[in-house]
Amino acid sequence: MKTFHVVSTYLNFTKAAEILNYSQPTISQQIKALEEELGHILINRMGKKMFLSQVGKIVKEHTDQLFGIIEEMEQDLKNFEKPFGHLTIAAPEFYCGYYLSHIIGSFLKQYPQVNLKLLCANSKETAKLVSSNQADIGFVAGSPSYAGVEGILLEEEDLVLVGNPLIIKDRTVQEIFDDYPFITYGMDDCIVSCLQEIKCKPQTIVEFGSEEAIKRAVMEQVGLALLSDIIIQKEVTKGSLQVLYRFPKKLPTYLIFPQNAKTFSNVSTFIDLVKDTWKTI
C-alpha cells in the first residue's frame, strides 16, 4: 500500500524506487502483487506514460486518507518527545502547599504547554489514585505497597507524638488518652506499632482526611496526634504544639508513579525536577 501510494503520487517507478529505497523491479513486483490481491488493475501504461485506472483512482483516495492519518499520528507522537499534554499529580495537603507549590511553578515555567492537575488527598487515597491510573504521580508518607506502583524515596522524617501544651501539662500520655482522642488519618501498621512502642492505647480514635487538618485539630486541643516532624516544626518553635515523644522509627516520603508511566516525558521530566529540588525546598 505504501509503495502504491508513492507510485500513484508520482506515476513514475524510478522516482518511487528512489523515495522508498527499493530497486525498480521490486516496485513493479509489489504493484503487481497488490493488483493480484485486489483483483483489479491499478495502473495502466500508454507508451512511457502511466495512468491510474478507475479502480486505481479509488484506491489512491483511500491511501491518501490512510497515510495522511499516519502522518498526523507521527506528528502528534513527536509532541511527546518533550513534556506536552496532561499531567495529574496527587498528594496530601501538606505536600501540596509546602513543596508542590514551588515545584509546579518551576515546571510550568519550563513547560507551559502541559495542562497540570493537582489533587489533594491523604497518602492512602493518593496511592489508590496512582495504582488505578487516575493520577500520573503521587506523593505519600510511608512506603508504597500497591502492585504496579514504583516509588522513589525522597526523604525520611522523624515521627513525633504531639499535643497542645495546655492539655499535656503534668500528665502522662495514657492519662491524656483517657480524656482526649487520638487523631489520625488511619490506623496503618506504622501508627499501630508506634502506639505499641509507648504502651499506650487511646480510648477514642478520630480520623481526619489530611495531615494539615489533624495538625489544626491538635492545636485546638481536640486530642493528640502522630505526625512527621517537618509538618509541626513551626508550631513547636512557637509553642502552640508540644512534642510528647519522638520515635526512633522514621517516616519515609515517597514519590510514586505507575510502572508503565516513567517512559512518558511528562512524568520523567517532573520526577527529575522533584529529585533536584525537593531537599532544597
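1. A residue is called buried under 20% relative accessible area, exposed over 50%, and partly exposed in between, with a 1.4 Å probe and protein chains only. Because its relative accessibility is 72%, Lys-199 counts as exposed. Lys-199 is not a glycine, yet its phi is positive, near 55°, and it sits in the loop between α9 and β8 (205-207); here helices (H or I, at least four residues) and strands (E, at least two) are DSSP runs numbered from the N terminus.

2. On provenance, this is a predicted model, in which local features need pLDDT of at least 70 and side-chain atom pairs count only at pLDDT 80 or more, while totals for chains, interfaces and linings use all residues. Residues are numbered from 1 along each chain as its sequence is written, and side-chain values use heavy atoms, with hydrogens and water left out.

3. A positive phi in a residue other than glycine is also found at Asn-21, with a value of about 60°. Asn-21 belongs to the loop between α2 (13-20) and α3 (24-38), and it counts as exposed because its relative accessibility is 68%.

4. The UniProt record, an unreviewed entry, places the feature "domain: HTH lysR-type" at residues 1-53; UniProt positions are given in the numbering used here, feature names are shortened, and annotations may be inferred rather than shown by experiment. In the model, residues 1-53 are 60% helix and 15% strand, with the end C-alpha atoms 16 Å apart.

5. A nonpolar core is taken as a set of buried Ala, Val, Leu, Ile, Met, Phe, Trp, Tyr and Cys residues joined through side-chain atoms within 4.5 Å. The largest such core has 57 residues, and those with the most contacts inside it are Leu-100, Ile-137, Phe-139, Leu-161 and Phe-270. Helix α5 supplies the largest share of this core, eight residues. Apart from it lies another core, of 15 residues, which includes Phe-4, Ala-17, Leu-34 and Leu-42.

6. Leu-226, in strand β9, counts as buried because its relative accessibility is 8%. Leaving aside residues up to four places away in sequence, Leu-226 touches Leu-159, Val-160, Leu-161, Phe-182, Ile-183, Ile-191, Cys-194 and Phe-247, where contact means heavy atoms within 4.5 Å.

7. Grid points are joined across faces, edges and corners, and a volume is the space filled by probe spheres set on the points. The search of the whole structure finds one cavity of 30 Å³ or more. The largest cavity has a volume of about 140 Å³, and of its 16 lining residues the closest to the centre are Ala-141, Tyr-185, Glu-211, Ser-228 and Leu-251. Strand β9 gives the largest share of that lining, three residues, and by class the lining has twelve nonpolar, one polar and three charged residues.

8. The largest pocket has a volume of about 520 Å³ and is lined by 21 residues, with Ser-123, Lys-124, Ala-141, Ser-143 and Asp-188 nearest its centre. Helix α6 (123-131) gives the most to this lining, with four residues, and the lining divides into ten nonpolar, six polar and five charged residues.

9. The second largest pocket has a volume of about 190 Å³, and its lining of seven nonpolar, five polar and one charged residues draws its largest share, three residues, from α12.

Conventions. On a 1 Å grid over the protein atoms alone, a cavity is a set of points where a 1.4 Å probe fits but cannot get out, and a pocket is an open set with protein on both sides within 12 Å along at least five of seven lines; lining residues have an atom within 4 Å of a point. Ala, Val, Leu, Ile, Met, Phe, Trp, Tyr, Cys and Pro count as nonpolar, Asp, Glu, Lys and Arg as charged, and the others, Gly among them, as polar.
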